[in-house]
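Please read it with the coordinates open.

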Amino acid sequence: MFIGHYAAAPLAAASGKLKLWHAFIAVQFVDIIWAIFMITGIEQGRVIPDFTQANALDMHFMPYSHSLLFTAGWAIIGALGFKAFTRARGWGGAGIFGALVLSHWVGDVIVHVPDMTFWPGSSKIGFGLWNHVMLSFPLELLTMFAALWIYIRATKPVSKRAKMWTGLLVLFLGALQVLANFGPPPTSMTEVGISALIVFALLAFIASRYEKTRGSIGI
């Protein structure tokens with residue numbers, strides 16, 4: 001998944017246990033690790049035009065970022081990091097952060113071709129929804145924007161710029177999904193990794209600005 005991963009973020013943020021931008025980082029925490037591993041050569045992939053209908057990425061070796069075992073480890077590290085960073089008294093927010101990190105593996109199993117492992121060296125699984133872009137594309141958009149609609153219903157605008165930031169977030173997410181599925185293929189996996197880190201940072205920034213224009217009223 002791409003923006004489909006973000007669907008869990010507004011739902012988690014509506015709970016009031018963590019900020020929206022925290023949740024945006026959590027759902028892509030695994031891909032942040034993956035991007036770094038791709039850039040440094042710890043993990044490997046290939047750009048193969050038309051590898052799937054949805055994108056050109058053959059992610060054939062990513063056991064340390066995307067195996068279920070390591071994803072669980074990243075979830076624990078993320079939860080502990082969130083607790084330390086926010087200095088929260090309870091573990092509610094940290095637990096949600098960790099669950100969001102773990103949700104990434106589930107989402108990827110749905111859309112990836114068989115390249116997801118349970119542990120390094122295990123058999124690979126993947127339901128391959130990316131082979132059917134006319135199914136995966138609307139699914140990602142619908143899940144993300146449905147979750148954002150719930151977040152909007154669970155909050156109220158506290159700034160005249162609320163609509164502007166809502167529109168910016170929706171447009172940016174939609175444009176990214178269109179580009180990912182229908183844009184030109186990247187030239188290298190290093191380009192993919194660098195681009196991913198930039199996009200994740202921009203989305204977290206937009207989310208942080210957007211949530212400042214809204215106040216929680218509960219679900």
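Predicted model: local features only at pLDDT ≥ 70, side-chain atom pairs only at ≥ 80, totals over all residues.

1. **H7 against H8.** Helix H7 spans residues 133–154. Its axis and that of H8 come within 11 Å and cross at roughly 165°. That angle is over 145 degrees, so H7 is roughly antiparallel to H8. The crossing of the pair is right-handed.

2. **Who makes the H7–H8 contact?** Which residues of H7 and H8 form the contact? H7 supplies Val133, Met134, Phe137, Glu140, Leu141, Met144, Phe145, Leu148 and Ile152. From H8 come Thr166, Leu169, Val170, Leu173, Gly174, Gln177, Val178, Asn181 and Phe182. By class, the contact holds 13 nonpolar, 4 polar and 1 charged residues.

3. Thr166 sits in helix H8, residues 162–182. Is Thr166 buried or exposed? Its relative accessibility is 15%, so it counts as buried; the cut-off for buried is under 20%.

4. **Thr166 beyond its sequence neighbours.** Which residues does Thr166 touch once neighbours within four places in sequence are set aside? They are Ile152, Tyr210 and Arg214. Tyr210 is one of the H9 residues in contact with H2. For a distance check, take Thr166 and Gly215. They are 49 residues apart in sequence, and their C-alpha atoms are 13 Å apart in space.

5. **H2 against H9.** Helix H2 covers residues 20–27, and helix H9 covers residues 189–211. Their axes come within 7 Å and cross at roughly 155°. That makes H2 roughly antiparallel to H9. H2 passes H9 in a right-handed crossing. On the H2 side the contact uses Leu20, Trp21, Phe24 and Ile25. On the H9 side it uses Leu203, Ala204, Ala207, Ser208, Tyr210 and Glu211. The residues divide into 8 nonpolar, 1 polar and 1 charged. Ser208 and Glu211 are of the polar and charged classes, respectively.

6. **Leu202 on H9.** Leu202 is placed in helix H9. With 41% relative accessibility, Leu202 counts as partly exposed. Leu202 and Phe172 are 30 residues apart in sequence. Their C-alpha atoms are 9.6 Å apart in space.

7. **H3 against H5.** How are H3 and H5 oriented to each other? Helix H3 (residues 29–40) and helix H5 (residues 68–86) pack at an angle of about 110°, with axes 10 Å apart. H3 and H5 are therefore roughly perpendicular to each other; the range for that label is 65 to 115 degrees. H3 passes H5 in a right-handed crossing. The contact is made by Phe29, Val30, Ile33 and Phe37 of H3, with Thr71, Trp74 and Gly78 of H5. Sorted by class, the contact has 5 nonpolar, 2 polar and no charged residues.

8. **Asp50: backbone to check.** Asp50 is not a glycine, yet its phi is positive, near 65°. Where is Asp50? It lies in the loop between strand S1 (44–47) and strand S2 (57–61). Its relative accessible area is 73%, so Asp50 is exposed.

9. **Arg87: another backbone to check.** Arg87 has a positive phi of about 55°, although it is not a glycine. Arg87 lies in the loop between H5 and helix H6 (92–111). At 75% relative accessibility, Arg87 counts as exposed.

Terms used
Residues numbered from 1 in each chain as written. Heavy atoms only, no water. Helix = DSSP H or I, 4+ residues; strand = E, 2+ residues; numbered from the N terminus. Buried < 20%, exposed > 50% of the residue type's maximum accessible area, 1.4 Å probe, protein only. Contact = heavy atoms within 4.5 Å. Axes fitted to C-alpha atoms, helices over the stretch in contact; angles between N-to-C directions. Parallel < 35°, antiparallel > 145°, perpendicular 65-115°, else oblique. Left-handed = near helix turned anticlockwise from the far one by under 90°.
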